[in-house]
Amino acid sequence: GHHRGITVHGTHRATVTNNVVYDVRGANFYIEDGNEMHNTISYNVAICPHALSDPIKRGCSIPGTSTPGADAPNAAYYSRAATNDWIGNRAANTYN
């Protein structure tokens with residue numbers, strides 16, 4: 001599917017670095033459950049090529065999903081865990 005870019009799920013002490021995620025219709029970088037700890041997400045780029053005002057694409061969101069915080073509108077970086085390091089990441093045309 002195209003509703004996640006990179007997902008960290010049930011993982012500790014992983015490194016996600018130097019990635020570019022383009023045109024993902026939901027969370028680009030997603031720390032899933034909130035129990036993931038001590039991961040490093042660094043120097044990544046999330047790009048949405050669609051405007052939120054576009055009547056067809058509506059940005060890079062997926063309306064009506066079960067995880068609205070991550071999917072609408074355009075979560076470049078989403079995490080429920082406060083125990084991870086986010087360093088030097090960038091986002092273009094996302095809305096949070």
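Two strands are said to pair if DSSP finds at least two bridges between them. Strands (E, at least two residues) and helices (H or I, at least four) are DSSP runs, numbered from the N terminus. The structure is a predicted model, in which local features need pLDDT of at least 70 and side-chain atom pairs count only at pLDDT 80 or more, while totals for chains, interfaces and linings use all residues. Residues are numbered from 1 along each chain as its sequence is written, and side-chain values use heavy atoms, with hydrogens and water left out.

**View 1. The open sheet of three strands.** The strand order is β2-β5-β8, and the pairing is parallel. The edges are formed by β2 (15-17) and β8 (85-87), each of which pairs on one side only. Direction ignored, neighbouring strands of this sheet are turned by 10° against each other on average; axes are lines fitted to C-alpha atoms, for helices over the stretch in contact, and angles run from 0 to 180 degrees between N-to-C directions. Between β2 and β5 (residues 40-42), which run parallel, there are three bridges. Thr15 has Thr40 of β5 as its bridge partner.

**View 2. The largest nonpolar core.** A nonpolar core is a set of buried Ala, Val, Leu, Ile, Met, Phe, Trp, Tyr and Cys residues joined through side-chain atoms within 4.5 Å. Buried means under 20% relative accessible area, exposed over 50%, and partly exposed in between (1.4 Å probe, protein chains only). The largest such core has 10 residues, among them Val8, Val16, Phe29 and Ile41. In soluble globular proteins, nonpolar side chains tend to be buried together. Not counting residues up to four places away in sequence, Val8 is in contact (heavy atoms within 4.5 Å) with Val16, Tyr30, Ile31, Glu32, Glu36 and Asn39.

**View 3. Two residues with positive phi.** Most residues other than glycine have a negative phi. Asn18, although not a glycine, has a positive phi of about 60°. Asn18 belongs to the loop between β2 and β3 (20-22), and its relative accessible area of 61% makes it exposed. Tyr43, also not a glycine, has a positive phi of about 55°. The loop between β5 and β6 holds Tyr43, which is partly exposed at a relative accessible area of 48%.

**View 4. The surroundings of Pro49.** Pro49 is placed in the loop between β6 (45-47) and α1 (68-71). Pro49 counts as partly exposed because its relative accessibility is 36%. Leaving aside residues up to four places away in sequence, Pro49 touches Tyr22, Asp23, Cys60 and Asn93. Pro49 and Cys60 are 11 residues apart along the chain, and their C-alpha atoms are separated by 7.8 Å.
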